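Subject: Structure handover

Dear colleague,

Here is the structure for you to look through. My notes on what was found follow below.

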Amino acid sequence: MTKRSIYVAYTGGTIGMRKTDHGFAPVAGFLTDCVKSMPEFYHEEMPSFVINEYSPLIDSSNMAPTDWQLIANDIKDNYDKYDGFVILHGTDTMAYTASALSFMLQGLSKPVIVTGSQIPLAQLRSDGQTNLLNSLYIAANYPVAEVCLFFNNKLFRGNRSTKAHADGFDAFASPNFPLLLEAGIKINLRAGKVTVPNEAPLMPLEVINISPQPVGVITLYPGISTEIFANILMQPVKALILLTFGVGNAPQDKALLDTLKQADERGIVIVNLTQCFQGKVNMGGYATGNALEQAGVISGSDMTIEAALAKLHYLLSKNLTASEVKSAMKKNLLGELTE
(Lines give C-alpha, C1' and ligand atoms only; values in the text may rest on other atoms or scores of the structure.)
Protein backbone atom coordinates (compact mmCIF):
# COMPACT_ATOMS: atom_id res chain seq x y z
CA MET A 1 0.00 0.00 0.00
CA THR A 2 1.37 3.40 -0.98
CA LYS A 3 2.11 5.66 1.94
CA ARG A 4 0.18 8.85 2.23
CA SER A 5 2.22 11.99 1.70
CA ILE A 6 1.86 15.08 3.90
CA TYR A 7 3.10 18.61 3.21
CA VAL A 8 4.41 20.40 6.29
CA ALA A 9 4.71 24.18 6.18
CA TYR A 10 6.81 25.59 9.01
CA THR A 11 5.75 29.22 9.19
CA GLY A 12 7.57 29.94 12.46
CA GLY A 13 6.78 29.70 16.14
CA THR A 14 8.12 28.08 19.28
CA ILE A 15 8.19 24.51 17.93
CA GLY A 16 11.24 25.18 15.74
CA MET A 17 13.14 27.58 17.99
CA ARG A 18 16.69 27.07 19.26
CA LYS A 19 18.17 28.30 22.50
CA THR A 20 20.47 31.30 22.04
CA ASP A 21 22.26 33.76 24.31
CA HIS A 22 19.23 36.03 23.97
CA GLY A 23 16.57 33.40 24.62
CA PHE A 24 14.74 31.07 22.25
CA ALA A 25 14.73 32.24 18.64
CA PRO A 26 13.83 30.79 15.23
CA VAL A 27 16.81 29.58 13.22
CA ALA A 28 16.53 28.57 9.56
CA GLY A 29 16.87 24.83 9.02
CA PHE A 30 16.88 23.96 12.72
CA LEU A 31 13.38 22.43 12.82
CA THR A 32 14.06 20.23 9.79
CA ASP A 33 17.34 19.00 11.29
CA CYS A 34 15.64 18.36 14.60
CA VAL A 35 12.89 16.23 13.00
CA LYS A 36 15.46 14.26 10.99
CA SER A 37 17.22 13.33 14.24
CA MET A 38 14.03 11.81 15.72
CA PRO A 39 13.40 8.25 14.47
CA GLU A 40 9.76 8.34 15.67
CA PHE A 41 8.86 10.49 12.66
CA TYR A 42 10.11 7.76 10.32
CA HIS A 43 8.32 4.82 11.92
CA GLU A 44 6.83 2.47 9.35
CA GLU A 45 3.30 3.49 10.38
CA MET A 46 4.01 7.17 9.75
CA PRO A 47 3.24 8.83 6.41
CA SER A 48 5.96 10.25 4.23
CA PHE A 49 6.28 14.02 4.53
CA VAL A 50 8.24 17.00 3.32
CA ILE A 51 8.96 20.14 5.34
CA ASN A 52 9.00 23.56 3.75
CA GLU A 53 10.45 26.18 6.07
CA TYR A 54 9.26 29.68 5.29
CA SER A 55 11.88 32.37 4.77
CA PRO A 56 11.81 34.49 6.75
CA LEU A 57 10.16 32.59 9.58
CA ILE A 58 7.21 34.49 11.05
CA ASP A 59 6.69 35.01 14.76
CA SER A 60 2.98 34.44 15.28
CA SER A 61 2.63 37.80 17.03
CA ASN A 62 3.62 39.36 13.71
CA MET A 63 1.08 37.37 11.68
CA ALA A 64 -1.12 39.52 9.45
CA PRO A 65 -3.80 38.86 6.81
CA THR A 66 -1.07 39.00 4.15
CA ASP A 67 0.54 36.00 5.86
CA TRP A 68 -2.78 34.14 5.92
CA GLN A 69 -2.86 34.65 2.16
CA LEU A 70 0.70 33.38 1.82
CA ILE A 71 -0.20 30.17 3.67
CA ALA A 72 -3.44 29.67 1.70
CA ASN A 73 -1.63 30.15 -1.61
CA ASP A 74 1.10 27.72 -0.52
CA ILE A 75 -1.53 25.05 0.14
CA LYS A 76 -3.13 25.74 -3.23
CA ASP A 77 0.22 25.43 -5.03
CA ASN A 78 0.84 22.02 -3.45
CA TYR A 79 -2.73 20.80 -3.20
CA ASP A 80 -2.59 18.18 -5.95
CA LYS A 81 0.78 16.77 -4.85
CA TYR A 82 -0.07 15.74 -1.28
CA ASP A 83 -2.77 13.94 0.70
CA GLY A 84 -2.86 16.38 3.58
CA PHE A 85 -1.30 19.49 5.07
CA VAL A 86 0.18 20.37 8.46
CA ILE A 87 0.87 24.02 9.25
CA LEU A 88 3.39 24.63 12.03
CA HIS A 89 2.61 27.94 13.67
CA GLY A 90 3.21 29.93 16.84
CA THR A 91 0.50 29.50 19.45
CA ASP A 92 -0.25 33.18 20.15
CA THR A 93 -2.28 33.75 16.97
CA MET A 94 -2.75 30.14 15.85
CA ALA A 95 -6.53 30.27 16.32
CA TYR A 96 -6.73 33.43 14.17
CA THR A 97 -4.86 31.74 11.32
CA ALA A 98 -6.92 28.54 11.62
CA SER A 99 -10.12 30.61 11.54
CA ALA A 100 -8.97 32.66 8.55
CA LEU A 101 -7.89 29.60 6.56
CA SER A 102 -11.31 28.03 7.13
CA PHE A 103 -12.89 30.87 5.16
CA MET A 104 -10.11 31.10 2.58
CA LEU A 105 -9.84 27.40 1.67
CA GLN A 106 -13.25 26.46 0.33
CA GLY A 107 -14.11 23.06 -1.15
CA LEU A 108 -11.47 21.22 0.86
CA SER A 109 -11.34 17.47 0.27
CA LYS A 110 -8.09 17.04 2.23
CA PRO A 111 -7.16 17.81 5.85
CA VAL A 112 -5.37 21.00 6.85
CA ILE A 113 -4.11 20.81 10.45
CA VAL A 114 -2.57 23.78 12.23
CA THR A 115 -0.35 22.90 15.19
CA GLY A 116 2.71 23.95 17.15
CA SER A 117 4.02 23.70 20.70
CA GLN A 118 4.56 25.49 23.98
CA ILE A 119 8.12 24.15 24.35
CA PRO A 120 10.56 23.96 21.40
CA LEU A 121 10.87 20.55 19.76
CA ALA A 122 14.58 20.30 20.62
CA GLN A 123 14.00 20.81 24.35
CA LEU A 124 13.42 18.20 27.01
CA ARG A 125 9.69 17.66 27.73
CA SER A 126 8.62 19.39 24.53
CA ASP A 127 5.00 18.95 23.56
CA GLY A 128 6.03 19.59 19.96
CA GLN A 129 6.93 15.99 19.20
CA THR A 130 3.51 14.67 20.27
CA ASN A 131 1.65 17.46 18.49
CA LEU A 132 3.52 17.06 15.21
CA LEU A 133 3.54 13.24 15.29
CA ASN A 134 -0.19 13.10 15.92
CA SER A 135 -0.97 15.78 13.33
CA LEU A 136 0.94 13.85 10.66
CA TYR A 137 -0.62 10.54 11.65
CA ILE A 138 -4.15 11.94 11.82
CA ALA A 139 -3.80 13.81 8.51
CA ALA A 140 -2.83 10.52 6.85
CA ASN A 141 -5.10 8.04 8.63
CA TYR A 142 -8.05 10.06 9.96
CA PRO A 143 -8.33 12.81 7.36
CA VAL A 144 -11.00 15.31 8.40
CA ALA A 145 -11.41 17.49 5.33
CA GLU A 146 -11.55 20.89 6.95
CA VAL A 147 -9.18 23.35 8.57
CA CYS A 148 -8.44 21.98 12.04
CA LEU A 149 -6.25 22.86 14.99
CA PHE A 150 -4.48 20.07 16.87
CA PHE A 151 -3.06 20.53 20.34
CA ASN A 152 -2.57 18.33 23.40
CA ASN A 153 -4.24 15.26 21.86
CA LYS A 154 -7.32 17.18 20.71
CA LEU A 155 -8.40 18.02 17.18
CA PHE A 156 -10.56 21.15 17.08
CA ARG A 157 -12.50 22.77 14.26
CA GLY A 158 -10.21 25.65 13.29
CA ASN A 159 -12.84 28.38 13.39
CA ARG A 160 -14.17 27.18 16.76
CA SER A 161 -10.81 27.22 18.53
CA THR A 162 -9.34 29.78 20.89
CA LYS A 163 -6.19 30.00 22.98
CA ALA A 164 -7.33 29.35 26.54
CA HIS A 165 -4.09 28.96 28.47
CA ALA A 166 -1.03 31.17 28.07
CA ASP A 167 1.64 28.74 29.24
CA GLY A 168 0.05 25.31 29.75
CA PHE A 169 0.12 22.28 27.47
CA ASP A 170 -3.69 22.29 27.31
CA ALA A 171 -3.46 25.62 25.54
CA PHE A 172 -6.51 25.52 23.27
CA ALA A 173 -10.23 25.02 23.70
CA SER A 174 -13.42 24.94 21.66
CA PRO A 175 -15.95 26.61 23.98
CA ASN A 176 -19.09 26.12 21.91
CA PHE A 177 -18.42 23.13 19.66
CA PRO A 178 -17.36 19.54 20.44
CA LEU A 179 -13.96 18.10 19.57
CA LEU A 180 -13.56 16.72 16.08
CA LEU A 181 -11.29 13.95 17.32
CA GLU A 182 -9.44 12.90 20.46
CA ALA A 183 -6.12 11.06 20.41
CA GLY A 184 -6.08 8.96 23.56
CA ILE A 185 -4.93 5.35 23.84
CA LYS A 186 -7.19 4.96 20.85
CA ILE A 187 -8.00 7.68 18.34
CA ASN A 188 -11.67 8.46 18.81
CA LEU A 189 -13.67 10.38 16.25
CA ARG A 190 -16.08 12.85 17.87
CA ALA A 191 -17.75 15.52 15.71
CA GLY A 192 -15.32 15.12 12.82
CA LYS A 193 -16.09 13.33 9.58
CA VAL A 194 -13.32 11.30 7.99
CA THR A 195 -13.09 11.56 4.22
CA VAL A 196 -13.06 8.42 2.12
CA PRO A 197 -9.73 7.93 0.30
CA ASN A 198 -9.87 8.86 -3.38
CA GLU A 199 -13.43 10.11 -2.94
CA ALA A 200 -14.21 12.60 -5.69
CA PRO A 201 -14.50 16.11 -4.17
CA LEU A 202 -17.85 17.84 -4.43
CA MET A 203 -16.06 20.88 -5.84
CA PRO A 204 -12.46 21.87 -6.55
CA LEU A 205 -10.44 23.78 -4.00
CA GLU A 206 -11.06 27.50 -4.21
CA VAL A 207 -8.68 29.88 -2.47
CA ILE A 208 -10.35 33.15 -1.52
CA ASN A 209 -8.17 36.24 -1.68
CA ILE A 210 -8.52 38.54 1.29
CA SER A 211 -7.02 41.92 1.98
CA PRO A 212 -6.31 43.61 5.34
CA GLN A 213 -9.43 45.33 6.64
CA PRO A 214 -9.80 48.07 9.27
CA VAL A 215 -11.73 46.30 12.03
CA GLY A 216 -11.99 47.61 15.58
CA VAL A 217 -12.43 45.58 18.76
CA ILE A 218 -13.71 47.05 22.04
CA THR A 219 -14.10 45.23 25.33
CA LEU A 220 -16.83 46.82 27.42
CA TYR A 221 -16.23 47.57 31.09
CA PRO A 222 -18.26 49.45 33.71
CA GLY A 223 -18.01 53.18 33.12
CA ILE A 224 -16.53 53.00 29.63
CA SER A 225 -16.57 56.38 27.88
CA THR A 226 -18.60 56.99 24.74
CA GLU A 227 -15.63 58.94 23.39
CA ILE A 228 -13.70 55.69 23.04
CA PHE A 229 -16.38 54.38 20.70
CA ALA A 230 -16.56 57.67 18.78
CA ASN A 231 -12.81 57.67 18.23
CA ILE A 232 -12.58 54.06 17.12
CA LEU A 233 -15.59 54.38 14.82
CA MET A 234 -13.98 57.12 12.75
CA GLN A 235 -13.04 56.30 9.17
CA PRO A 236 -11.51 54.16 7.76
CA VAL A 237 -13.02 51.61 10.17
CA LYS A 238 -15.44 49.29 8.34
CA ALA A 239 -16.50 47.06 11.22
CA LEU A 240 -16.44 46.89 15.00
CA ILE A 241 -16.55 43.88 17.30
CA LEU A 242 -18.14 44.64 20.66
CA LEU A 243 -17.22 42.31 23.51
CA THR A 244 -20.24 42.79 25.72
CA PHE A 245 -21.45 41.58 29.10
CA GLY A 246 -23.23 38.26 29.57
CA VAL A 247 -25.59 37.37 26.73
CA GLY A 248 -24.79 40.56 24.84
CA ASN A 249 -25.62 43.43 27.14
CA ALA A 250 -24.22 46.97 27.23
CA PRO A 251 -24.98 50.15 29.19
CA GLN A 252 -28.28 51.79 28.21
CA ASP A 253 -26.48 55.07 27.69
CA LYS A 254 -28.18 57.32 25.13
CA ALA A 255 -24.96 58.91 23.93
CA LEU A 256 -23.39 55.47 23.41
CA LEU A 257 -26.41 54.06 21.61
CA ASP A 258 -26.65 57.16 19.40
CA THR A 259 -22.96 56.79 18.49
CA LEU A 260 -23.48 53.16 17.51
CA LYS A 261 -26.62 53.95 15.53
CA GLN A 262 -24.86 56.72 13.62
CA ALA A 263 -22.01 54.34 12.83
CA ASP A 264 -24.48 51.74 11.57
CA GLU A 265 -26.12 54.36 9.36
CA ARG A 266 -22.67 55.18 7.91
CA GLY A 267 -22.32 51.53 6.88
CA ILE A 268 -20.07 50.32 9.69
CA VAL A 269 -20.89 46.73 10.65
CA ILE A 270 -21.08 46.28 14.44
CA VAL A 271 -20.99 42.72 15.78
CA ASN A 272 -21.96 41.76 19.32
CA LEU A 273 -19.92 38.98 20.97
CA THR A 274 -20.01 37.96 24.60
CA GLN A 275 -16.99 38.44 26.86
CA CYS A 276 -17.85 35.11 28.46
CA PHE A 277 -15.70 32.14 27.54
CA GLN A 278 -18.73 30.01 26.72
CA GLY A 279 -22.29 30.69 25.55
CA LYS A 280 -23.95 32.82 22.91
CA VAL A 281 -25.36 36.29 22.43
CA ASN A 282 -29.11 36.76 22.89
CA MET A 283 -29.95 40.43 22.48
CA GLY A 284 -33.64 39.76 23.02
CA GLY A 285 -33.14 38.52 26.55
CA TYR A 286 -32.68 41.86 28.30
CA ALA A 287 -33.61 45.46 27.56
CA THR A 288 -29.93 46.43 27.49
CA GLY A 289 -29.25 43.93 24.72
CA ASN A 290 -32.39 44.89 22.85
CA ALA A 291 -31.27 48.51 22.84
CA LEU A 292 -28.11 47.49 20.96
CA GLU A 293 -30.21 45.65 18.40
CA GLN A 294 -32.33 48.76 17.89
CA ALA A 295 -29.11 50.69 17.25
CA GLY A 296 -28.23 48.35 14.37
CA VAL A 297 -25.83 46.03 16.22
CA ILE A 298 -26.01 42.41 15.04
CA SER A 299 -25.50 39.23 17.04
CA GLY A 300 -22.34 37.22 16.56
CA SER A 301 -24.06 34.24 18.22
CA ASP A 302 -21.39 31.96 19.74
CA MET A 303 -18.47 32.81 17.46
CA THR A 304 -15.03 33.18 18.97
CA ILE A 305 -13.42 36.58 18.52
CA GLU A 306 -10.89 34.90 16.22
CA ALA A 307 -13.63 33.53 13.96
CA ALA A 308 -15.57 36.80 13.93
CA LEU A 309 -12.48 38.80 13.00
CA ALA A 310 -11.49 36.37 10.26
CA LYS A 311 -15.05 36.26 8.92
CA LEU A 312 -15.20 40.05 8.73
CA HIS A 313 -11.93 40.12 6.79
CA TYR A 314 -13.32 37.50 4.43
CA LEU A 315 -16.64 39.27 3.85
CA LEU A 316 -15.26 42.81 3.67
CA SER A 317 -12.73 41.65 1.07
CA LYS A 318 -15.62 40.67 -1.20
CA ASN A 319 -16.81 44.27 -1.64
CA LEU A 320 -20.29 43.47 -0.33
CA THR A 321 -22.67 46.13 0.92
CA ALA A 322 -22.90 46.65 4.67
CA SER A 323 -26.34 45.04 4.61
CA GLU A 324 -24.96 41.96 2.83
CA VAL A 325 -22.08 41.68 5.29
CA LYS A 326 -24.49 41.91 8.24
CA SER A 327 -26.70 39.23 6.76
CA ALA A 328 -23.75 36.89 6.12
CA MET A 329 -22.28 37.49 9.58
CA LYS A 330 -25.45 36.10 11.14
CA LYS A 331 -25.35 32.93 9.01
CA ASN A 332 -23.38 29.77 9.61
CA LEU A 333 -21.15 29.74 6.52
CA LEU A 334 -18.44 27.22 7.41
CA GLY A 335 -19.32 25.80 10.80
CA GLU A 336 -18.19 28.88 12.70
CA LEU A 337 -21.42 29.56 14.60
CA THR A 338 -24.55 27.92 15.92
CA GLU A 339 -27.68 29.33 14.30
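**Notes on the model**

In strand E7, Val114 is the bridge partner of Ile87. Please keep in mind that the model is a predicted one.

**Around E5 and E7**

Strand E5 covers residues 84-88 and strand E7 covers residues 112-115; the two pair in the parallel sense over four bridges. Another residue pair in this pairing is Val86 with its bridge partner Ile113 in E7.

E5 also pairs with strand E1 (residues 5-10), again in the parallel sense, over five bridges. There, Tyr10 stands opposite Leu88 of E5. E7 in turn pairs with strand E8 (residues 147-151), parallel and over three bridges. In that pairing Val114 stands opposite Leu149 of E8, and Val114 is also the bridge partner of Ile87.

Are the residues of E5 buried or exposed? Five of its five residues are buried, and the strand is mostly covered. Gly84, Val86 and Leu88 lie on one side, with Phe85 and Ile87 on the other, and both faces are covered. E7 is likewise covered on both faces: Val112 and Val114 are buried on one side, Ile113 and Thr115 on the other.

**The sheet E15 to E18**

Four strands make up an open sheet with parallel pairing, in the order E15-E16-E17-E18. Strand E15 (215-219) and strand E18 (298-299) are at the edges with a single partner strand each, so one side of each has no neighbour in the sheet. E18 is joined to strand E17 (residues 269-274) by two bridges, and these strands run parallel. Val271 is found opposite Ile298 of E18. Helix H9 (residues 322-329) packs on this sheet and touches both E17 and E18. The direction of H9 makes about 20 degrees with that of E17.

**H8 against H9**

Two packed helices are described by the angle between their axes and the distance between the axes. For helix H8 (residues 305-316) and H9, the axes come within 10 Å and cross at roughly 140 degrees. The crossing of H8 past H9 is right-handed. Which residues meet there? From H8 they are Ala308, Lys311, Leu312, Leu315 and Leu316, and from H9 they are Val325, Ala328 and Met329.

**The protein as a whole**

The count for the protein is nine helices and 18 strands. Its radius of gyration is 21 Å, close to the 20 Å given by the globule rule for 339 residues, so the protein is as compact as a globular protein of that length. The C-alpha trace spans about 65 × 50 × 35 Å along the principal axes.

Of the 339 residues, 55% are buried. Among contacts with a separation of 6 or more, 72% are between residues 24 or more positions apart. The protein exposes about 15,300 Å², and carbon and sulfur atoms supply 52% of that area.

Regards

Key
Residues are numbered from 1 along each chain as its sequence is written. This is a predicted model: local features need pLDDT of at least 70, side-chain atom pairs count only at pLDDT 80 or more; totals for chains, interfaces and linings use all residues. Side-chain values use heavy atoms; hydrogens and water are left out. Two strands pair if DSSP finds at least two bridges between them. Contact means heavy atoms within 4.5 Å. Axes are lines fitted to C-alpha atoms, for helices over the stretch in contact, and angles run from 0 to 180 degrees between N-to-C directions. Buried means under 20% relative accessible area, exposed over 50%, partly exposed in between (1.4 Å probe, protein chains only). The radius of gyration is taken over C-alpha atoms; the globule rule is 2.2 Å times the number of residues to the power 0.38. Accessible areas come from the Shrake-Rupley method with a 1.4 Å probe; for residues, only the protein chains shown count as cover. A crossing is left-handed if the near helix is turned anticlockwise from the far one by less than a right angle, and right-handed if clockwise.
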